[in-house]
Amino acid sequence: MYRILSLIIMISFTVQSTGYETESSRRAPAASSPSISPSASSTRSNKNTSEDDLDVIWQGVSSSFALPFDSWVYQEGSNNDSLLHGLSGNVALGIPLLKTEAANLPPDVTNGPTTTNATATLSLKYSILGNWFVSGTVYYYIDQEQQQPWNPDFTYVFGYSDWRPYTVSLMYANYGGNRFKSTPDQAVTNFDQGTWSLGWKFPITKPFVNWLSFTDEGAIGCQANYNYTKEYFDLASTSYKANHQTVSLGCKYAIIGNWYVNATAFYYFDSEQKQPWNPDFTYGFGYFDWHPGTITLQYNNYSGNRWSSADRAEGTGRFIDGAISISYSFTF
């Protein structure tokens, strides 16, 4: 589950762990992203260049939340008539670098520290219409006795997200302690404990990307998010409270090919809402290929990272508190 930014800090990158894992763009921004300033050989005025850039930005914003019903129309030679059209997924194995004792929290808590249990997962995503989607993940814990109340049997996400730059996204994500079967202490899911995220994607363009990148192929894409959770668990009072609000800024730096590094920073509107497992920032790196039939290898750290190491809770915020994952993607 994920959290928020400390404004203006820009670390090579979205999005999400303490429950906000707002899914970031699956691909680096296109190399044809508009230039912030014209080249010396350009014959256009600064005014025209600015207008062109604004047009590109507006095109991304105005195209958001599109409903391309014509994509449902069957075309000869296409697979639009297949019931499985638009369905994709991946299988993954997540291995924490360090196994620690479970936190001592009440039995009905559905939000807590990141898991210290190796897990196998199956994720499926269905593109309903254009960039409107619904997705879900089921979890199998290698050491089932170590599964905690906040370690879910399944998670789910739905909404609108377009990987293209300058587009707006709106998603709901629930990474809490969802259960296939309810118990007296735990419901199947607590919808109010999921997070709504309103985001905007944008690339880092020239000349800034040239200053920040050390490879010719380097590209940086970012996403700013406003995150709202109606109900959250507060450790200090051992009770549930309302209206957790944060903003986040995450950036992903595609170094070369499919190799990348990323980070997300968080800002809490009310610092009292920040729990020990809620990070000031998260980070990761690895090899990521969005094409089906490929393998991805990643390291991610969603633990309680703090800008000052003196502020972090015991057993959180260290490199060893992260996890390695390997996954295989597929489509139908």
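Let's start with Ala-92, which stands opposite Thr-121 in strand β2. That pairing belongs to strand β1, residues 87-96, and β2, residues 119-129, which run antiparallel and are joined by eight bridges. When I say strands, I mean DSSP runs of E with at least two residues, numbered from the N terminus. And two strands pair if DSSP finds at least two bridges between them.

Before we go on, this is a predicted model: local features need pLDDT of at least 70, side-chain atom pairs count only at pLDDT 80 or more, and totals for chains, interfaces and linings use all residues. Residues are numbered from 1 along each chain as its sequence is written, and side-chain values use heavy atoms, with hydrogens and water left out.

Okay, back to the strands. What does β2 pair with, going on to β3? Ten bridges join β2 to β3, residues 132-141, again antiparallel. Tyr-126, for example, stands opposite Val-134 in β3. These two strands make a hairpin with two residues between them, and Gly-130 in the turn has a positive phi of about 60 degrees. Then β3 goes on to pair with β4, residues 154-160, antiparallel over seven bridges. Here Ser-135 has Val-157 in β4 as its bridge partner.

Now, β1 also pairs with strand β12, residues 323-331, in the antiparallel sense over nine bridges. The bridge partner of Val-91 in β12 is Tyr-328. Have a look at Ser-327, also in β12. Is Ser-327 buried or exposed? It counts as buried, at 17% relative accessibility. The cut-offs are these: buried is under 20% relative accessible area, exposed is over 50%, and partly exposed is in between, with a 1.4 Å probe and protein chains only. Leaving out residues up to four places away in sequence, Ser-327 touches Asn-90, Val-91, Ala-92, Thr-294, Ile-295 and Thr-296. A contact here means heavy atoms within 4.5 Å.

Next up, the disulfide. How many are there? The count comes to one, using cysteine sulfur atoms within 2.5 Å as the rule. It joins Cys-222 to Cys-251, with S to S at 2.0 Å. The pair links distant parts of the chain: Cys-222 sits in β7, residues 219-234, and Cys-251 in β8, residues 239-256, 29 residues apart. The link is right-handed, with 105 degrees about the S-S bond. Cys-222 is buried at 4% relative accessible area, and Cys-251 is buried at 1%.

Both cysteines turn up again in the largest nonpolar core, which has ten residues, including Tyr-166, Phe-202, Cys-222, Leu-249 and Cys-251. A nonpolar core, by the way, is a set of buried Ala, Val, Leu, Ile, Met, Phe, Trp, Tyr and Cys residues joined through side-chain atoms within 4.5 Å. β8 gives the most to this core, with four residues. There's a second, separate core of five residues, among them Phe-133, Val-157, Met-171 and Tyr-175.

Last stop, Tyr-260 in strand β9, residues 259-268. Tyr-260 is buried, at 4% relative accessible area. What does the side chain of Tyr-260 make a polar contact with? With the side chain of Gln-298, at 3.0 Å. A polar contact is a pair of N or O atoms within 3.5 Å; within protein, one must be able to donate a hydrogen and the other to accept it, and residues adjacent in sequence count only if both atoms are side-chain atoms.
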